[in-house]
Amino acid sequence: MRHSLKRLCGAGALVLPLSVMSLVEAQQRPIVEDRTAQPRGFLEQAEVREEAGGSLVMYNQLQEHQREIQQLRGQIEELRHQLEQLRNQTRQQYLDLDERLMAGSAGIEANPQVDQESARQVAQTPSPSGNSPDAQAAYQAAFARVQSREFAEAIQAFEAFVTDYPDTNLTANGYYWLGELHSAEANLDQAEAAFRQVIDNFSQSSKVPDALYKLGLIKARQGELEESRGLLERVRDDYPDSSAAGLANDFLRQSL
């Protein structure tokens, strides 16, 4: 029995160190856990929430930008409409003003109801300025187009008039009206060329101060402010008693 006990103790002594060593190794061995079924950690959840929140912010910003773009488009359309109205008003003001200015200078009635029959009657009336009946009729026919607001046809008619009658007392008026019509249609280069014809080639015409004034406005529209100022000051200084001088002075005071 004593020998059996020794053998048992010996075996126990061997098993004990092995058990202790196994326990130590188990404690030192890294623990691997399956967390696939467990809820996300706080950091992961925070990252997910942050990502979702960032997407929402970007979406809201995109929606806001789209609303702003729509508002800007609406404002652009409104400005475009206002610009067109202003252009029409300016055109009407040009035409109304020059109908009044030319009424006494060309011997032509500025009647908005002028038709072809009226033009024929005016053409048959002897011209106090010595123009031929044909020139008088052609000029009145072109002017009737202006009064009828047929601007494209009026341009063609006045171009034909200044070509067919280059040296009458109405030729300067024809060039002046070409300048007015092209200016009203925003054809600024053609308008400038027509006004310069009046200024350079018909210095004795009563339309010179008006042509200078209108050319000054064109230069202002083109951004050439110094040249615009020079033309308007020339009107004011050289033709102080003209209607154009007062208009030029007002423009200089308000705009330049």
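Reader: Thanks! What are the ground rules for the numbers?
Author: Residues are numbered from 1 along each chain as its sequence is written, and side-chain values use heavy atoms, with hydrogens and water left out. Since the model is predicted, local features need pLDDT of at least 70 and side-chain atom pairs count only at pLDDT 80 or more, while totals for chains, interfaces and linings use all residues.

Reader: What is the mean pLDDT of the chain?
Author: The mean is 74, and 59% of the residues reach 70 or more. pLDDT is the predictor's confidence in each residue, from 0 to 100.

Reader: And where does pLDDT stay under 50?
Author: One such stretch is residues 11-21, for which the model has one contact beyond four places in sequence. Over residues 98-129 the pLDDT is below 50 too, and that stretch has 52 contacts in the model beyond near neighbours in sequence. Contact means heavy atoms within 4.5 Å. Where pLDDT is low, the predicted coordinates should not be read in detail.

Reader: How much of the chain is buried?
Author: Buried residues make up 30% of the 256 residues. Buried means under 20% relative accessible area, exposed over 50%, and partly exposed in between (1.4 Å probe, protein chains only).

Reader: Let's pick a helix. How far apart are the end C-alpha atoms of α4?
Author: They are 21 Å apart, which agrees with the 21 Å that the 15 residues of α4 (residues 133-147) should span at 1.5 Å a residue. The expected span is 1.5 Å times one less than the number of residues. Among the buried residues of α4 are Y139, F143 and V146.

Reader: What happens just after α4?
Author: R149 takes a positive phi of about 65 degrees there, although R149 is not a glycine. R149 sits in the loop between α4 and α5 (151-164) and is partly exposed, with a relative accessible area of 32%. Most residues other than glycine have a negative phi.

Reader: Nice. What about phi of A186?
Author: Phi of A186 is near 65 degrees, a positive value in a residue other than glycine. A186 lies in the loop between α6 (171-184) and α7 (188-201), and A186 is partly exposed at a relative accessible area of 42%.

Reader: Which residues of α7 are buried?
Author: L188, A191, E192, A194, F195, V198 and I199 are buried in α7. Seen down the axis of α7, the buried residues fall within an arc of 165 degrees, so they line one face of the helix. That arc is taken from the directions from the helix axis to the C-beta atoms. On the other side of α7, D189 and D200 are exposed.

Reader: What do the buried residues of α7 pack against?
Author: They pack against α6, α8 (208-221) and α9 (225-238).

Reader: Last one: where is S242?
Author: S242 is in the loop between α9 and α10 (243-255). Leaving aside neighbours within four places in sequence, S242 is in contact with P209 and V235. A polar atom of the S242 side chain lies 3.1 Å from the backbone nitrogen of A245.

Note on methods: Helix = DSSP H or I, 4+ residues; strand = E, 2+ residues; numbered from the N terminus. Polar contact = N/O pair within 3.5 Å; in protein donor to acceptor, adjacent residues only side chain to side chain.
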